[in-house]
Amino acid sequence: MAGAAGAFSLREVLAAFQTCVSERREVLLGPYLSGWRGLIRFLHSLGTIFSFITKDAVAKVQIMEGYSGGEQRERYTSLQSMVEYELANRLVDVQKRGGHPESGCRTVLRLHRALRWLQLFLEGLRTAGEDARTSTICTDSYNASLAAYHPWVIRKAATVAFCTLPSRNAFLEVMNVGTAEEAVAMLGEALPHISDVYDITQELFAQHDLLNLP
Ligand SMILES: CCCCCCCC/C=C\CCCCCCCC(=O)N[C@@H](COP(=O)(O)O)[C@H](O)/C=C/CCCCCCCCCCCCC
């Protein structure tokens, strides 16, 4: 279940995103949600100022867990099968939220946009100098991705929360993969897998005109 306690491990998150993409280049929902659960563990550790973000991420993962463990679980093995099933059965609100306010497609779209933030943030952490401020990396990544989809009040609250983030080195330590240098190396290994998942999903959603679901 989403949001379970336990120490964050970048290795686990990496393994999840690594196994996300099948030989047929499908994004498998099981490992995708597993990756998100790992990331949420990290968010929990950042304290209550981040709880409005944690709650939203947990809620979205729980919606998807409901589908992937539900009656139609076979339709939810991959993002590709989910899109096909939900579109064929008119289970997606495409103009405004109505009968299907929590479709898998619109829920994954929110996580997908957040994955872009993660990609930019981790790349920023990986390439920044030792004395770089995590809050600046996080704010820049947010402004270049998710912020475009959030109202002013959320952007404001997020920016305030980012100011409390620990230093870059503290971040690298919390990844539980050894020294800062080892953590940076592991980020270099993790990022192509996260990018692969992002790119495949982006193409899938673009093909089906699903990038602006309400
Ligand atoms: C050691 C480094 C590892 C880094 C690990 C980072 C862990 C981050 C984990 C999760 C990222 C946050 C996921 C947030 C999902 C947000 C989805 C969203 O956009 N939801 C909005 C729209 O949903 P609907 O209303 O349409 O259903 C919703 O309104 C948003 C609510 C909450 C605010 C979201 C702010 C997102 C900021 C993302 C940055 C997280 C900062 C983490 C700091 C490291």
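Partly exposed means a relative accessible area between the two cut-offs: buried is under 20%, and exposed is over 50%. Keep that in mind on this tour of a predicted model.

**Stop 1: E12 and R41**

Select E12. Its relative accessible area is 44%, so E12 is partly exposed. Trace the chain between them. E12 sits in helix α1 (residues 10–18) and R41 in helix α2 (residues 29–44), so this pair links distant parts of the chain, 29 residues apart. Is R41 buried or exposed? R41 counts as buried, because its relative accessibility is 16%.

**Stop 2**

Side chains of opposite charge can pair when their charged atoms come close. The structure holds 6 salt bridges. Select R24 and E26 for another one. Their side chains meet at 3.8 Å, N to O. R24 is exposed, because its relative accessible area is 68%.

Next, pick D56 and K60. This salt bridge has an N to O distance of 2.9 Å. Both residues lie in helix α3 (residues 51–68), and they are 4 residues apart, so about one helical turn separates them. Check each partner. D56 counts as partly exposed at 40% relative accessibility. K60 counts as buried at 14%.

**Stop 3: the aromatic rings**

Switch to aromatic side chains. A search of the whole structure finds 7 aromatic pairs. Select W117 and F121. Their ring centres are 5.1 Å apart and their planes meet at 10 degrees, so the pair is stacked. W117 and F121 are 4 residues apart in helix α5 (residues 104–127), which means about one helical turn lies between them.

Stay on F121. F121 is buried, with a relative accessible area of 5%. F121 and F171 form an edge-to-face pair, 5.6 Å centre to centre, with 75 degrees between the planes. F121 is in helix α5 and F171 in helix α8 (residues 168–174), so the pair ties together parts 50 residues apart in sequence. Both F121 and F171 are buried.

F42, W117, F121 and F171 form one aromatic cluster.

**Stop 4: a charged patch**

Finish on the surface. Which residues gather in a patch of negative charge there? Select E130, D131, E181 and E182 to see them. Zoom in on E182. E182 belongs to helix α9 (residues 180–207). With a relative accessible area of 44%, E182 is partly exposed.

Terms used:
Residues numbered from 1 in each chain as written. Predicted model: local features only at pLDDT ≥ 70, side-chain atom pairs only at ≥ 80, totals over all residues. Heavy atoms only, no water. Patch = residues over 30% accessible without salt bridge, like charges linked within 9 Å, V, L, I, M, F, W, Y side chains within 5 Å. Areas by Shrake-Rupley, 256 points an atom, 1.4 Å probe, with all protein chains shown as cover. Salt bridge = Lys/Arg side-chain N within 4 Å of Asp/Glu carboxyl O. Lys, Arg positive; Asp, Glu negative; His and termini not counted. Charge placed at Lys NZ, Arg CZ, Asp CG, Glu CD. Helix = DSSP H or I, 4+ residues; strand = E, 2+ residues; numbered from the N terminus. Buried < 20%, exposed > 50% of the residue type's maximum accessible area, 1.4 Å probe, protein only. Phe/Tyr/Trp six-rings, centres within 6.5 Å; stacked < 30°, edge-to-face > 60°.
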